[in-house]
Amino acid sequence: MVLPIEPHQYTTQRIVSCCGVGLHTGRTVNLTIHPAPANTGIQFLRSDLADRPIIPARVERVIDTTLATTISDGHHKISTTEHLMAALRGFGIDNAVVDLDSHEVPIMDGSAGPFCRLLKTAGRSRQQGLRKILRITRPISHVDGNKSIRIEPYDGYKVSARIQFDDALISEQCYSVEVTPERFGKEIACARTFGFVEQVEQLWQNGLALGGTLDNVIAIHWNRRSILNENGLRFDDEFIRHKVLDVIGDIALLGSPVMGHVIADRSGHGLHLEFMKAVINNPQCWEYVTFKKKGESLLRQVVQSTQSSGHRFAPFFAPVNEAISSQRVCTM
């Protein structure tokens, strides 16, 4: 059976670490990625706190989308999750514990590239557990003025995006990519975040973006025709590629691999959150796909319908000992 998405869950083969600075605090942050058992999902561990709280990387944990995506357990937070989450999804990691000694994921070079290189060093380990895939069966969309994002049925995972700026440097850019580890690594991972110089200066004045430098942000010149970074752009269309990266990283918070085509027009973190809420609130437009196997062979695909009475959205992965609601099962 040829499947558009690998049916097995994956974790990392070994523990890996890196060190960087928080974009907004400017403080040094140590990050360590640990392998995790099947059905753990992605969890953040605040090892700098006495109670070492664990915060699952899930959409219902999002508390803020200003400048970045921030999740919380109600008491503690993790900010700027999107680049690391994009790397984990793009590289195909389902289960991992991310240990941080700060509330910010380090910005590194402003892209997901350093995290992808870290994950390549860690390696992937296929697990016995099988994935549950959120498959789109009908289009779902969210519109806010001239901004929109929608998802359509698709036999795989694809992201298409468009941005429009009133300047000569960016103007209008579009990009579309089939999200596989190979294409994500080559085309999307290294695209950096960007901002206009005066916006960065204003953030500095307000005590934000204290870790922002030309080493981790593309700074667009006041004339809107060039950038201040001496080495230039990594891609002619690096701006839209980074927007695609953000889409992938935020939508990973749905907690399951997605089978569908995401189409984003001038979207941002806030729109991504509202879109994910729209997905959750329209269970008639998607279903969970699971797999059964006998020995080493996959026998058949099983659909867990979301249309049964009393169903509520429940991400595939949950913290240890947290139950996932039961769902009606029908064979395909």
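This report covers the aromatic contacts, pockets and strand pairing of a predicted model.

Residue numbers start at 1 along each chain as its sequence is written. Local features need pLDDT of at least 70, side-chain atom pairs count only at pLDDT 80 or more, totals for chains, interfaces and linings use all residues, and side-chain values use heavy atoms, with hydrogens and water left out.

## Aromatic pairs

Rings of Phe, Tyr and Trp (its six-membered ring) pair if their centres lie within 6.5 Å; planes under 30 degrees apart count as stacked, over 60 as edge-to-face and the rest as tilted. By this rule there are four aromatic pairs. One of them joins phenylalanine 165 and phenylalanine 196, edge-to-face, with 6.1 Å centre to centre and 65° between the planes. Phenylalanine 165 sits in the loop between strand S14 (157-164) and strand S15 (172-178), and phenylalanine 196 in strand S16 (residues 194-196), so this pair ties together parts 31 residues apart in sequence. Helices (H or I, at least four residues) and strands (E, at least two) are DSSP runs, numbered from the N terminus.

Phenylalanine 194 and phenylalanine 239 have ring centres 5.0 Å apart and planes at 85°, so their pair is edge-to-face. Phenylalanine 194 belongs to strand S16 and phenylalanine 239 to helix H5 (residues 238-251), so the contact ties together parts 45 residues apart in sequence. Ring pairs link Phe165, Phe194, Phe196 and Phe239 into a cluster.

The table gives the values.

| Residue | Relative accessible area | Class |
|---|---|---|
| Phenylalanine 165 | 23% | partly exposed |
| Phenylalanine 194 | 15% | buried |
| Phenylalanine 196 | 10% | buried |
| Phenylalanine 239 | 0% | buried |

## Charges over rings

A charge sits over a ring if NZ of Lys or CZ of Arg is within 6 Å of the ring centre and within 35 degrees of the ring normal. The charged end of arginine 124 sits over the ring of tyrosine 10, 3.8 Å from its centre. Arginine 241 lies over the face of phenylalanine 235, and here the distance to the ring centre is 4.1 Å.

## Pockets

Pockets were located on a 1 Å grid over the protein atoms alone: a pocket is an open set of points where a 1.4 Å probe fits, with protein on both sides within 12 Å along at least five of seven lines, and lining residues have an atom within 4 Å of a point. Grid points are joined across faces, edges and corners, and a volume is the space filled by probe spheres set on the points.

The largest pocket has a volume of about 940 Å³. It is lined by 34 residues, and Leu67, Thr193, Phe194, Lys243 and His269 are the closest to its centre. Helix H1 (82-91), S14, S16, helix H4 (197-205), H5 and helix H6 (269-280) each supply at least two lining residues. Which element gives the largest share of this lining? H6 does, with four residues. The lining divides into 12 nonpolar, 16 polar and six charged residues. Here Ala, Val, Leu, Ile, Met, Phe, Trp, Tyr, Cys and Pro count as nonpolar, Asp, Glu, Lys and Arg as charged, and the others, Gly among them, as polar.

The second largest pocket holds about 330 Å³ of space. Its lining has 17 residues, with Ile5, Glu6, Arg131, Val179 and Pro181 nearest the centre. Eight are nonpolar, four polar and five charged.

Five of the five residues of strand S9 (residues 96-100) are buried, so S9 is largely enclosed by the rest of the structure. Both faces are covered: Ala96, Val98 and Leu100 lie on one side, Val97 and Asp99 on the other.

Two strands pair if DSSP finds at least two bridges between them. Strand S3 (residues 28-35) runs antiparallel to S9, joined by five bridges. Strand S4 (residues 42-46) runs parallel to S9, also over five bridges. Valine 98 is the bridge partner of isoleucine 33 and of phenylalanine 44.

## A hairpin and a helix residue

Strand S12 (residues 140-144) and strand S13 (residues 147-152) pair in the antiparallel sense over five bridges. Histidine 142 has isoleucine 149 of S13 as its bridge partner. Two residues separate the strands of this hairpin, and glycine 145 in the turn has a positive phi of about 65°.

Glutamate 82 is in helix H1. This glutamate 82 is buried, at 2% relative accessible area. Its C-alpha atom lies 9.7 Å from that of serine 111, 29 residues apart along the chain.

Methods. Buried means under 20% relative accessible area, exposed over 50%, partly exposed in between (1.4 Å probe, protein chains only).
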